[in-house]
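Here is a short report for someone meeting this structure for the first time. Please look through the sequence and the model, then read on.

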Amino acid sequence: MNHYDQLHRFLIDDANVRGEIARLDDSLQHIVHSYEYPVQIQKLLGEMAAATCLLTAILKFKGEIGLQIQGGGAVKYAVVNATDEYTLRGVARWDEELASLPERFEDLMEKGVLVITITPEGGERYQGVVALDKPTLAECIENYFAQSEQLATQVKLYTDLSDPERVKAAGMLLQVMPTQAENTNVAQDTGFEHLSTLAETLTSEEVFGLAVEDVLYRLYHQQKVELFEPQSITFACSCSRSRSAEALRNVEKAELLQIIEEEGAVQMNCQYCHTEYRFDTIDVEAIHAGHFDSAPDNPQ
Ligand SMILES: [Zn+2]
């Protein structure tokens, strides 16, 4: 099955509805295995990663998108970032004091919010916030579209944790075409409701086991479906030595020199990919003099 780590867009021509299917395997392993995450957190990060890919394709922009959960309970925060090139990274923090985490999404979140941040290249940052007060993340994202875009949208998210070494995630989205929105926001007008009811029947076994063409045939063989070239999804971290150095400019020089004296170097670890960046006295002097040139970016 070579349809993983790809985003597929399709159009249901006769209904003016667009759709997407994303399936993640390799790209997700770096995210879900970067810490000893409980399965509930792996599932959450998997769903968030799939959702981020779906949103990247639907919210046309060039730049970065971030899905961030700010939780009030077992989950402290969880974040997945992506670029318009479908490079993903993500991290989560949870209450490690808890012996076990709740299974239900609502219990895991406890009055959390989902913040969707879009940072267009050279443009103004946009943020949307939606309460995590529905039984699933997918329904919360549907609610986001209902509030912000006023477009009938359906989101389905899946995770497969049967092999703990290879956590998989998938997502499917259906949305009324925005050009038609004024006339067709009432779902029945477009047949959206019918398409949506069919999408509801898509099982986890099918979404993970069938080729995308077969998934679409299974659901929509009575419709005229146009499937576009897929786009690859990969893991990539945007951290760098110069970005870390930039962050150190906000710390007092004396404090940094003190750390170097005690520990030999200022060490910074990327929370997403665990790359380690080390800075010595010469680096710190240069950073604070404002002429740090990021020599080799990855010393390892
Ligand atoms: Zn990194």
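In the protein chain, 62% of the contacts with a separation of 6 or more join residues 24 or more positions apart. Contact here means heavy atoms within 4.5 Å. This is a predicted model: local features need pLDDT of at least 70, side-chain atom pairs count only at pLDDT 80 or more, and totals for chains, interfaces and linings use all residues. Residues are numbered from 1 along each chain as its sequence is written, and side-chain values use heavy atoms, with hydrogens and water left out.

**Overall build**

The protein chain has 300 residues, and 50% of them are buried. Buried means under 20% relative accessible area, exposed means over 50%, and partly exposed lies in between (1.4 Å probe, protein chains only). The secondary structure comes to eleven helices and 14 strands. These are DSSP runs, numbered from the N terminus: helices are H or I with at least four residues, strands are E with at least two. Along the principal axes, the C-alpha atoms fill a box of roughly 70 × 45 × 35 Å.

**A contact across the sequence**

Gln 42 lies in helix α2, residues 39-58. Its relative accessible area is 9%, so Gln 42 is buried. Which residues does Gln 42 contact, leaving aside its neighbours within four places in sequence? They are Val 32, His 33, Tyr 37, Leu 161 and Val 167. Gln 42 and Val 167 are 125 residues apart in sequence, yet their C-alpha atoms are 7.7 Å apart in space.

**Two domains**

The domain assignment gives domain 1 (6-235) and domain 2 (241-289). Such bounds come from an automatic or database assignment. The domain centres, taken over C-alpha atoms, are 37 Å apart. Ten residues from domain 1 and four residues from domain 2 take part in the contact. About 640 Å² is buried between the domains, and carbon and sulfur atoms give 50% of that area. Buried area is the accessible area (1.4 Å probe) that two parts lose on being put together, summed over both. In domain 1, Ser 34, Tyr 35 and Arg 89 lose the most area to domain 2, together 47% of what that side buries. The count of salt bridges between the domains is zero. A salt bridge needs a side-chain nitrogen of Lys or Arg within 4 Å of a carboxyl oxygen of Asp or Glu.

**The zinc site**

Four cysteine SG atoms hold the zinc ion at 2.2 to 2.3 Å: Cys 237, Cys 239, Cys 270 and Cys 273. Donors are N, O and S atoms within 2.8 Å of the metal (3.2 Å for Na, K and Ca); water is not among the atoms, so sites may look incomplete. The donor residues are spaced C-x1-C-x30-C-x2-C in sequence. Cys 239 lies in the loop between β12 (234-235) and α9 (241-248), and Cys 270 in the loop between β13 (266-269) and β14 (276-279), so the pair ties together parts 31 residues apart in sequence. Cys 270 is buried, at 10% relative accessible area.

Most residues other than glycine have a negative phi.

| Residue | Phi | Relative accessible area |
|---|---|---|
| Glu 110 | about 40° | 45%, partly exposed |
| Lys 111 | near 65° | 82%, exposed |

Glu 110 is in the loop between α3 (105-109) and β6 (113-120). Lys 111 lies in the loop between α3 and β6.
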